[in-house]
Amino acid sequence: MEFFTWIIIAISLCIFMAYNRASLSTFTLSFATLMAIGTFADIVTFIGWFLFAIVALPLNLAQVRKEYISAPLLKIFKGIMPEMSQTEQEAIDAGTTWFEAELFKGKPDWNKLHNYPQPRLSAEELAFLNGPVEEICSMVNDWEVTHELADLSPEVWQYMKDKKFFAMIIKKEFGGLDFSAFAQSRVLQKLSSVSSVLASTVGVPNSLGPAELLQHYGTKEQQDYYLPRLATGEEIPCFALTSPEAGSDASSIPDFGIVCKGQFDGKEVLGMKLTWDKRYITLAPVATVLGLAFKLQDPEHLLGEEENLGITCALIPTDIEGVITGRRHFPLNIPFHNGPTQGNEVFVPLDFIIGGAEMAGQGWRMLVECLSVGRAITLPSNSTGGVKSLALATGAYARIRRQFKLPIGKMEGIHEPLARIGGNAYLMDAVTTMSTGAIDLGEKPSVISAIAKYHLTEKMRQCVSDSMDIHGGKGICMGKSNYVARNYQGAPIAITVEGANILTRSMIIYGQGAIRCHPYVLAEIAATQNEDEKQALDDFDHAFFGHVGFSISNICRSLWFSFTGARLQRTPFNDETTRYYQLLNRFSANLAMLSDISMVTLGGELKRKERISARLGDVLSYLYLASATLKRYNDEGRKIEDFPLVQWALEDSLFKIQEAINDLISNFPSKAAKAFLQCTIFPLGTWLQKPSDITDQAVSEILQTPSETRSRLGKWQYLQRDPAFPMGQLEQTLEDIIACEPIYTKACKGLDKYLPFYRLNLVAEEALAAGIITQEEADLLCRAEIGRKIAIDVDDFASEELRIKT
């Protein structure tokens, strides 16, 4: 019996030490102490010490371990490690990791999360948001932009230039605004509440493009010439990367340049003869300067020994002979300027290369480094702004619109889609805030940017579809009063651009995340590529045995969490959020374990198992989205009245994590690994549910009832009570309808008859004549009726108005 007790203690000690990630020396010393106790109790014999020594000594004697264990393993790793192309390597090297790396460790530091400073607007940024941004929103009529002009008006274009809307990322020394990433996000969110064309037009020059590339890599001459002109709008930029043959696989662009001598401005200079055929280029039809990505070749060795220099970025004035721009694509009735650009053997000097001739062949590195920032701002912010405004508008409409003698928002069938809109609006704003905050702290979060781009554009598509369903006939009839349809039409645009979402989910999020965020994998890969054998062995030994301990720890943690439900975990707050921190700890450990088992069992094949990669990416993504939600709740003062939004966002994210893990296990190629994972992660089956009907109803009611919580949800959006702006008018009508409901009830009681809740002007007239209500109350009923009719009415047209005018 004593022997079995000692064995149980030994196993418990191993699990405890592994769970707490004790160092190898601590682990060995602790077990040796237990062995000594067993010896005094006549449980451990010489054979036990001999077996212990066989295992412990080689592991703890560094030189022995390296020579007899690590060196052979390093040789094996070098043979099985998949080839990594230069473009893949540059993508991996680009950017930085941030809190997503904590989530990959299986043991997130929540205090670290909450100690990151909350992003805030400077006085200058707030003044811009409340001044020029508010003003330009009042100048834009989306129906006019999308249906009548197929463009922003000349007055709006000039105002954008005058107020430096294209210069938010340009430094003040060059005449720019030099706004924080957080401020850029707030500006784009507000613009998107009025017009996606306006938001896209402003967003693109402030994202990946000439200004960004010039500030990081341009020569002083290029910066001094172009940046002040870009800041004032004298130059309109675009950046051309995508080709017909190379969309998501941007590194395979066929466009090329040949280094040669030629005539430029009457002089013979060393330059490039460029040939390109690009499409989907935003602002290309109106651009004056074209940022161009191409593959540069030097067959005559005019620059050096290399013939194929690689992807290069150059700035090409569009008025140079041979540059073809001006034609437009027409993406889903959202007529932002987007079109093709071509050139055939266009000769330009070498100093047109961004950064000069020495940056020839460095274009891909430049692009992936800058993309990690821009991709976290523009599309996520545009999507978030659109959903925030739709959340308020759809909630107001659901409260105003009546069917079956009650507001449709009171119907349970409406609760579910309305809750999805509200919960996602809260979560999406949390993600953009946290992600742009990371950028403002100096991070270049390539993995986070991919997560934000993919999930926020997908959530936008879901929310717009839900809003369309709730609006019904109001949503499908185009016209000035329709604020849903253009968003519905244009949703796939955000899904498609800056990397197709299918690619982003199945290859990029986890493909980069597994290598960048894992605490040991990148070091192991680097060791296999290091030509210094001694340094390579030292690095590999440290990384590999760290990785082994890390893996064992996550298996132990996953098992422990599975059988305890992670309920014994300490969390930063002992309140309504406690359980969510515990579950996120559990799933973080599961992700770390799943990653290691996937790498071990699949090896290089994991790179091609895109659906496994996608599901692992989903787990990482939803861990991040949930973390951002918790941070927002804390940063905003843990207001309990906001909790239904928090609860919906967290329970939806946790449920989706569970689904992703369960789907991964069910489809895992190795049967043995599949059985092990099932027993370790879900030994008692899955148990998490979607947000409950009660939570859905609570979120639905928040969207339909003016309150501080609802105002926080739509903070900084454009909501002016302007008759020309349907969403702002809805806000006024919502308040009027709620205010007049008790007056309507009083009128019905006083008249002793039921009156339908429409033609409120007639209700007012009859009740006023009977002395039941005051003139002020009657006026409110009449105003509410006007607003109610506008809210539910749709536009109609004469047939000739709908014909294409020539």
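Is Cys 748 buried or exposed? Select Cys 748: the residue is buried, at a relative accessible area of 13%, where buried means under 20%, exposed over 50% and partly exposed in between, with a 1.4 Å probe and protein chains only. The model is predicted, so local features need pLDDT of at least 70 and side-chain atom pairs pLDDT 80 or more, while totals for chains, interfaces and linings use all residues. Residues are numbered from 1 along each chain as its sequence is written, and side-chain values use heavy atoms, without hydrogens and water.

Keep the cysteines displayed. A search of the whole structure finds zero disulfides (pairs of cysteine sulfur atoms within 2.5 Å). For Cys 748, the nearest cysteine sulfur belongs to Cys 740, 11 Å away. Cys 137 is also buried, with a relative accessible area of 2%.

Next, select helices H11 (residues 181-192) and H12 (residues 196-203), whose axes come within 7 Å and cross at roughly 155°. H11 and H12 are therefore roughly antiparallel, a term for angles over 145 degrees. Leu 188, Leu 191 and Ser 192 of H11 meet Leu 198, Ala 199, Val 202 and Gly 203 of H12, contact being heavy atoms within 4.5 Å. Five of these residues are nonpolar, two polar and none charged.

Then turn to the largest nonpolar core, of 217 residues, in which Met 160, Leu 191 and Ile 316 have the most contacts. Such a core joins buried Ala, Val, Leu, Ile, Met, Phe, Trp, Tyr and Cys residues through side-chain atoms within 4.5 Å. Helix H17 (residues 412-440) supplies its largest share, 13 residues.

How values were computed:
Axes are lines fitted to C-alpha atoms, for helices over the stretch in contact, and angles run from 0 to 180 degrees between N-to-C directions. Helices (H or I, at least four residues) and strands (E, at least two) are DSSP runs, numbered from the N terminus. Angles under 35 degrees count as roughly parallel, over 145 as roughly antiparallel, 65 to 115 as roughly perpendicular and the rest as oblique. Ala, Val, Leu, Ile, Met, Phe, Trp, Tyr, Cys and Pro count as nonpolar, Asp, Glu, Lys and Arg as charged, and the others, Gly among them, as polar.
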